[in-house]
Amino acid sequence: DVKVTQSSRYLVKRTGEKVFLECVQDMDHENMFWYRQDPGLGLRLIYFSYDVKMKEKGDIPEGYSVSREKKERFSLILESASTNQTSMYLCASSLAGIVYEQYFGPGTRLTVT
Amino acid sequence: ILNVEQSPQSLHVQEGDSTNFTCSFPSSNFYALHWYRWETAKSPEALFVMTLNGDEKKKGRISATLNTKEGYSYLYIKGSQPEDSATYLCAFILGYGGSQGNLIFGKGTKLSVKP
């Protein structure tokens, strides 16, 4: 079974803190993605990566950066957390190519106070 | 701005009812459509990936059809069960020639099945 794990289910941080969200997949997938889910909105893509050290901006990259030093790990970084980044963050992975289904992690609910 | 519309937003049915939802997407430059099921407190799980006009896919009691010319997909659930209660998401991929197309998600249809 494909497994995508995220470092925390719940996280509370203060405004201005630097926040790291970690995602690990165990299926040797080339593609990895970070989304956020907010009430009344669909899943929105923040960043994705199609190879180690490669990254592409999604629809809402402002205030975020990413790191992919190893194939299995994709980190989302909030450089200076703000209250409007309070959200559910989901990581996903897939095989190379855009027709393959994505496998999602359990999500991290981040609250910034 | 590309929009993926799902209807209805929510649906309440009795156990045993059959139901269907709609996903509407831009019909030009279509590449693929994904359906996911997202149960509360779990991860979204892929149901289908559809690429060809007229595609029909089936998994157990759940099936989906695709019409790329008019820009819609239907998801059907036959004989709904309480364990079908979840939010059903569709996601559209625009084929603009790049090697990696973004998934554009709809807001989902939330299904509740009462025993």
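Helices (H or I, at least four residues) and strands (E, at least two) are DSSP runs, numbered from the N terminus. The model is predicted: local features need pLDDT of at least 70, side-chain atom pairs count only at pLDDT 80 or more, and totals for chains, interfaces and linings use all residues. Residues are numbered from 1 along each chain as its sequence is written, chains are lettered from A in the order in which they are written, and side-chain values use heavy atoms, without hydrogens and water.

**View 1. Strands of chain A.** Chain A has 0 helices and 11 strands. Buried residues (under 20% relative accessible area, 1.4 Å probe, protein chains only) make up 48% of its 113 residues.

**View 2. The stacked pair of Phe33(A) and Tyr35(A).** Rings of Phe, Tyr and Trp (its six-membered ring) pair if their centres lie within 6.5 Å; planes under 30 degrees apart count as stacked, over 60 as edge-to-face and the rest as tilted. Over all chains, the structure holds 14 aromatic pairs. In the stacked pair of Phe33(A) and Tyr35(A), the centres are 6.2 Å apart and the planes 25° apart. Both Phe33(A) and Tyr35(A) are buried.

**View 3. The edge-to-face pair of Tyr64(A) and Tyr89(A).** The rings of Tyr64(A) and Tyr89(A) are 5.9 Å apart centre to centre, with 65° between the planes. Tyr64(A) lies in strand β7 (residues 64-70) and Tyr89(A) in strand β9 (residues 87-94) of chain A, so the pair ties together parts 25 residues apart in sequence. Tyr64(A) is buried at 6% relative accessibility, and Tyr89(A) is buried at 0%.

**View 4. An aromatic cluster with residues from chains A and B.** One aromatic cluster is formed by Phe33(A), Tyr35(A), Phe48(A), Phe104(A), Tyr36(B) and Phe105(B).

Notes:
Buried means under 20% relative accessible area, exposed over 50%, partly exposed in between (1.4 Å probe, protein chains only).
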